[in-house]
Structure formats: C-alpha cells, structure tokens
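The entries below follow the order in which I checked things.

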There are 2 protein chains.
Amino acid sequence: MTRYFRLTIPQARTEGDYLTLTPEQHHYLGHVLRLGPRANFIAMNGQGQAWLAELSLDTSQATLIHPLDHAHELPIDLVLCIAILRNNALDQVIHQATELGVQQIYPLLTSRSLPEPSPQKLTRWQRIAQEAAEQSERLYVPKIAAPQAWTEVLKLGDPLSRKYICSLGEQIRPLVNQLADQQATSREIWLAVGPEAGWTETEQELARAVNWEPVSLGSRTLRAITAATVGLGLIANHPIKQP
Amino acid sequence: MTRYFRLTIPQARTEGDYLTLTPEQHHYLGHVLRLGPRANFIAMNGQGQAWLAELSLDTSQATLIHPLDHAHELPIDLVLCIAILRNNALDQVIHQATELGVQQIYPLLTSRSLPEPSPQKLTRWQRIAQEAAEQSERLYVPKIAAPQAWTEVLKLGDPLSRKYICSLGEQIRPLVNQLADQQATSREIWLAVGPEAGWTETEQELARAVNWEPVSLGSRTLRAITAATVGLGLIANHPIKQP
C-alpha cells in the first residue's frame with residue numbers, strides 16, 4: 001500500500017478541482033517533505049472529506065484527482081469528556097483519542113481537576129488533534145471544545161445517545177457488558193473520564209440524573225489517561241448495532 | 001474505601017509475621033509518607049502476595065496483620081511482547097500494561113526497531129513496573145525480560161496458549177472477534193505489537209508458522225503505544241472462558 005503524505009487544508013482554499021497552497025503549505029510540501037512536480041499527496045479538509053491530490057508543475061497549487069472513502073472513520077459519533085489532567089497528560093489523551101476515532105472532545109473543569117488552562121493550551125490541543133488525524137489517516141479532525149464545567153457539558157448532546165461515565169466501585173457494571181446488552185438508540189456515544197483524584201459524589205449523581213450510566217473498566221485502578229484510551233478502544237472495537 | 005500506601009518488599013525480608021524494614025524503606029515510610037507508629041500500610045512481595053501491615057512503635061519494623069486477596073489480578077496470565085520504540089515510549093507502555101494486569105513483558109529487537117538499549121534501561125523499566133503495580137494496587141509486579149530478538153521470543157510460552165500478533169491489512173480479523181470465537185486453551189494469552197515502522201513480512205510469517213494469529217485493532221492506523229494499550233485493554237476486559 002502506498003502511503004501518501006497528508007495535509008489538512010481549510011475548505012475555503014479549494015476552488016472546483018483546484019487547491020491553492022498557502023506559502024507555508026508550499027514550503028512544507030516542497031522543502032520539508034521534498035515532494036516534486038506532479039507528486040501525489042492526500043488533501044483533507046478536516047470535515048470528513050479527503051482527496052488524492054497532485055502537485056502542479058510549479059508546486060504552488062494542486063489538482064484534486066478523486067475523493068477518498070470513509071473506511072477509516074467509525075460508524076458512530078464518539079464523544080470524549082475528560083477532566084483536565086496534570087503534567088500535560090491531555091496532550092497524549094487527545095492524540096490517542098484521535099487515533100481511535102473520536103469526533104469531539106470536551107476538556108472538563110471538575111471539582112478535583114486543575115483550574116482553567118491558558119487559551120494557548122486549547123490551540124495546542126487542536127494542533128495535536130490535527131497532526132494525529134493526519135498520521136492516522138482520518139478524514140475528520142476531532143473538534144476540541146474550550147474547557148467548561150462538567151455541569152454545563154451535562155446539558156449537551158442527543159438525549160437518545162448512550163452516555164457512559166467511568167466510575168470506581170465493586171457494584172459498577174463493566175463497560176463491555178453495557179455495550180453488549182444495549183441497542184444503540186442514536187449515532188452518538190459519549191464517554192466521560194474524571195480527574196486523577198476522582199469525581200465527587202455530586203458530580204456522579206448529577207450525571208446519573210440525566211441518564212449517564214456508570215461503567216467500570218475492570219477491577220484494577222487505572223490512571224485517567226489509561227482509562228480514556230481503554231474506554232475509547234472498547235467502544236471503537238465493539239460491533240455497533242445501528243439504530 | 002481507605003487507601004493505604006503500598007510498599008514492595010523482597011520476600012527474604014519477612015520472617016513469620018514480622019517484616020524488617022531496610023533503612024531506605026524506614027526513611028520512606030516515616031519521613032516521605034509521614035506514617036507514624038502503628039500506622040497501617042500494604043506490604044506486597046511482588047510475587048502475588050500482599051498483607052495489611054502495621055508499623056511498630058519505633059517504625060523500624062512492621063507486623064503483617066492479614067493477607068489480602070487477588071481481586072485486582074486478571075484470571076489469566078497476560079504476556080506483552082513489544083518492539084523497542086523511539087522517544088522512551090516503552091516507559092509509558094510498561095506503566096499502562098502494568099495497570100491493565102500484564103504478568104510479563106518482553107521488549108523485542110526486530111528488524112525495524114531501535115538497536116539494543118543500555119542495561120540501565122531495563123532497570124528503569126523494572127522500576128516503572130514496580131511503581132505502577134503499587135499505584136494500581138496489584139499484588140504482582142510484572143517481570144520485564146531483557147531485550148531479545150523476536151525470533152527467540154517465538155520459541156517461548158505454553159504451546160497451548162493463544163498468541164495474537166497485531167497486524168495491518170484489510171483481511172486481518174479484529175482481535176475482538178478472535179476473542180469472542182475462541183475457547184481459552186491455557187491460562188496464558190500473548191499479545192505482540194511491532195515497531196512504528198511495522199513488522200517485516202518474514203517476522204510475521206515466522207510468527208504464523210508457530211501459531212501466532214494476526215489480529216487487527218480496527219480500521220484506523222494506531223501508533224504502537226496506542227495499539228499496546230488498546231489490545232491489552234480488550235483482552236483484560238473480555239470475559240475469559242477458563243480452560
């Protein structure tokens with residue numbers, strides 16, 4: 001299988017079958033990746049569309065040859081809610097979540113998570129998502145929302161969607177069992193992971209009150225970063241019954 | 001639930017119900033964790049046994065009060081084989097694999113992986129596994145083997161055990177389907193993850209020749225670090241049919 005370089009392009013830059021490259025993209029393709037005239041690459045608009053593209057002779061623009069299919073996207077819309085973690089751990093969560101096919105990520109402010117980060121952090125997370133989408137050959141770049149309170153995020157989403165909150169406790173049902181027993185009722189599945197110090201009882205009660213289901217990921221204590229990757233991996237690999 | 005501090009102690013240091021602390025352990029419990037006389041903590045021998053322990057009045061030794069159970073261990077022996085990755089990525093793989101319940105990790109030398117690391121690296125990996133086992137309340141500290149060639153590792157293990165090699169390609173069956181269809185034939189399950197640049201065709205053929213089954217983790221391209229965590233998470237969360 002030929003592996004082409006991938007480039008995310010804002011939709012506004014395409015006109016018909018032509019794609020005009022910015023000076024930065026021109027430099028990147030020609031001087032960093034060393035693509036020559038008529039070289040092929042993959043142009044993605046980050047909104048679910050991608051094309052096999054061919055550089056022009058002067059490498060300043062490209063022709064879109066044909067659209068690519070959605071084979072690398074999940075059949076569901078997977079949404080991750082995750083508390084803001086110490087030591088920039090969200091950088092890795094966002095990279096891995098993108099590899100695993102998420103569509104949207106909500107960084108959460110919770111009682112026991114870090115305070116609101118600087119706006120630069122959101123820009124950094126969006127850049128990580130874009131790079132990860134290119135590396136993992138996705139057509140969508142996941143949207144990273146601005147950090148907001150868990151109580152606000154609880155108001156969002158399709159009321160019919162399945163929503164799982166990772167919780168600790170011996171009575172909590174495993175996520176795999178919940179996935180096996182349930183028919184999907186909407187295209188959306190949400191997963192929420194709390195901070196290292198855990199959710200408060202109130203945060204979990206508020207979620208249960210709006211139909212979030214507590215789930216466990218096994219009998220060992222996982223760090224938040226591991227819980228996010230494993231939880232998303234279980235959902236992404238579970239055969240989904242379409243609504 | 002009360003959370004106790006955990007300490008890994010070499011088996012040789014216990015004598016009957018008494019545990020003699022090394023000067024380092026004494027310093028750690030008394031001065032770093034600030035445990036006082038008669039404080040409780042959990043003593044693990046790293047071989048699958050753990051006890052609730054109580055510090056003596058002078059905090060130089062401890063009494064083992066009662067053994068703890070195996071609730072945090074998997075009912076199977078999970079073995080991870082993983083190529084040595086760039087940027088110290090194995091540090092994180094070993095931490096997450098320990099959280100997920102592995103018993104043994106084989107760092108692999110493959111055609112496309114990094115060359116053999118320094119011996120200090122193995123010591124570092126073993127320390128990470130020990131810390132992760134304490135944090136995730138495990139009774140076992142996974143054994144980390146010295147790095148060795150994939151062809152040597154292919155000779156190891158129970159011949160009846162299930163062995164899965166993560167592979168790319170549209171014809172490869174998903175790991176979840178393999179897990180669902182198969183009866184366990186031994187207590188062991190092995191998972192192998194190649195380097196970022198992939199296995200060679202020969203490495204995969206040699207594995208298939210000794211009953212390693214190629215498996216996929218979905219239609220997206222995962223980094224090795226993500227593949228290891230997701231693959232182990234799928235096995236650890238799969239309801240295992242005991243042989």
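**Aromatic rings, chain by chain**

I began with B:Trp150 in this predicted model, and noted that B:Trp150 counts as buried because its relative accessibility is 2%, where the cut-off is under 20%. I then looked up B:Trp212, which is buried too, with a relative accessible area of 2%.

Next I checked how these two rings lie: the centres of B:Trp150 and B:Trp212 are 5.1 Å apart and their planes stand at 70°, so I wrote the pair down as edge-to-face, since an angle over 60 degrees counts that way. The pair joins distant parts of the chain, because I found B:Trp150 in helix H4 (residues 150–153) of chain B and B:Trp212 in strand S13 (residues 212–215) of chain B, 62 residues apart.

I also asked how many aromatic pairs there are over all chains, and the count came to eight. One of them brings together A:Trp150 and A:Trp199, with ring centres 4.9 Å apart and planes at 35°, so I recorded this pair as tilted. Here A:Trp150 belongs to helix H4 (residues 150–153) of chain A, while A:Trp199 lies in the loop between strand S12 (188–193) and helix H6 (201–209), 49 residues apart. I noted A:Trp150 as buried at 2% relative accessibility, and A:Trp199 as buried with a relative accessible area of 7%.

Ring pairs link A:Trp150 and A:Trp199 into a cluster with A:Tyr106, A:Trp190 and A:Trp212.

Last, I looked for charges over rings, and found A:Lys163 over the face of A:Trp190, 5.1 Å from the ring centre. In chain B, the charged end of B:Lys163 sits over the ring of B:Trp190, 5.1 Å from its centre.

Note on methods:
Residues numbered from 1 in each chain as written. Chains lettered and ligands numbered in written order. Predicted model: local features only at pLDDT ≥ 70, side-chain atom pairs only at ≥ 80, totals over all residues. Heavy atoms only, no water. Phe/Tyr/Trp six-rings, centres within 6.5 Å; stacked < 30°, edge-to-face > 60°. Helix = DSSP H or I, 4+ residues; strand = E, 2+ residues; numbered from the N terminus. Buried < 20%, exposed > 50% of the residue type's maximum accessible area, 1.4 Å probe, protein only. Lys NZ or Arg CZ within 6 Å of the ring centre and 35° of its normal.
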